[in-house]
Amino acid sequence: MDQKNNYFAVIFPCLFAIALVLISQSIAPLGIHKIYYSNTKITDPNFIDRFYWEIYIFSCLFQMIIISIVLYHNKKDVKPRSIPITKRIAFSSIILIFFFSALSVLYLILFEKLSDIFPNIAEKLTLYEELMDFGEEMTTSQLLFISAILAPIVEELVFRRYLYCRCCYYLSPNYAIILSAFVFALIHFNFVQSGYAFFGGLVLTYIYRKTGSLLLCIGLHMMNNFLGFMPINAPILLVFLFSILASPWAIMNLQKIQAKDQ
């Protein structure tokens, strides 16, 4: 069997990543209900929102345990070689993350404008806003913890360390980057968020491919999610503008790295 041309086999790790997210999100409400809140009906429409903090923690811990076991026993990995992270590489990576954040803002603005014209887009935007309102019972610190700390760790483990490296066993690195980013977008389960999640997946996987540093990608993912809590003011817009102008320089720096696989 030619591992590089076995396109059918690459479907399994993709389905596994999707199933892991879906199962964890299904088990978590049942687990929280069974352990702590058995007096509250799980069919209560307010249950998920009321206990979103506990459910999300449970879901992330479940994913981390399962993916750690899989990674420990997984032999079909093609990991990018780790290189020393110089100031130039770190700065270039940060510029690309700000560039992606700027594109995300423009993407959402475009959706809002199109929603005034097309009813179907307005419905998708409304669904996105409703999903973003989950966890209203949580404090700001709790929201920051799960969005800017816990989620990046879990998602980088699943989609960069596991899925991308596993896809590289069957596909060329460029195809593996696109496929893992596509699956990363799918698991966000809404059209609006999946759009910018795909481009975010491309950027983070490209950086992982070039540097081999999962810790760098986790840090960059945390930074991007933290930016979502910041108001769009003049200083932020200036940073976004700088990142857009400097992105070709950043890409050029990362392109100079001769990525090798282990």
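Let me start with a question: in which helix is Ile11 found? Ile11 is found in helix H1, where helices (H or I, at least four residues) and strands (E, at least two) are DSSP runs, numbered from the N terminus.

A word on the source: this is a predicted model, in which local features need pLDDT of at least 70 and side-chain atom pairs count only at pLDDT 80 or more, while totals for chains, interfaces and linings use all residues. Residues are numbered from 1 along each chain as its sequence is written, and side-chain values use heavy atoms, with hydrogens and water left out.

Now the overall picture. The protein chain has 10 helices and 0 strands, and reading along the sequence gives the pattern α-α-α-α-α-α-α-α-α-α. Of the 262 residues in the protein chain, 45% are buried, where buried means under 20% relative accessible area, exposed means over 50% and partly exposed lies in between, with a 1.4 Å probe and protein chains only.

Let us go back to the start of the chain. Ile11 counts as partly exposed because its relative accessibility is 39%, and its C-alpha atom is separated by 10.0 Å from that of Tyr170, 159 residues apart along the chain. Val10 is found in the segment before helix H1 (11-35), and Val10 counts as buried because its relative accessibility is 6%. The C-alpha atoms of Val10 and Leu163 are 153 residues apart along the chain, yet they are separated by 9.5 Å.

Next comes helix H6 (residues 140-170), in which Ala148 lies. Is Ala148 buried or exposed? Ala148 counts as buried, because its relative accessibility is 7%, and from C-alpha to C-alpha Ala148 and Gly228 are 9.0 Å apart in space, although 80 residues apart in sequence. Leu144 also lies in helix H6, but Leu144 is partly exposed, because its relative accessible area is 25%. The C-alpha atoms of Leu144 and Phe229, which are 85 residues apart along the chain, are separated by 8.0 Å.

Helix H7 (residues 173-186) has 14 residues and reaches 20 Å from its first C-alpha to its last, close to the 20 Å expected at 1.5 Å a residue; the expected span is 1.5 Å times one less than the number of residues. Among the buried residues of H7 are Ile177, Val183 and Phe184. The charged end of Arg160 sits over the ring of Phe184, 4.7 Å from its centre, a description that applies if NZ of Lys or CZ of Arg is within 6 Å of the ring centre and within 35 degrees of the ring normal.

Staying with rings, Phe12, Phe16 and Tyr162 form one aromatic cluster, where rings of Phe, Tyr and Trp (its six-membered ring) pair if their centres lie within 6.5 Å.

Finally, which residues line the second largest pocket? The lining consists of Leu96, Phe99, Phe100, Leu103, Phe199, Leu202, Val203, Tyr206 and Ile251, and a pocket here is an open set of points on a 1 Å grid over the protein atoms alone, where a 1.4 Å probe fits, with protein on both sides within 12 Å along at least five of seven lines, while lining residues have an atom within 4 Å of a point. Helix H4 (87-115) and helix H8 (191-211) each supply at least two residues of that lining.

Definitions and conventions: Rings of Phe, Tyr and Trp (its six-membered ring) pair if their centres lie within 6.5 Å; planes under 30 degrees apart count as stacked, over 60 as edge-to-face and the rest as tilted.
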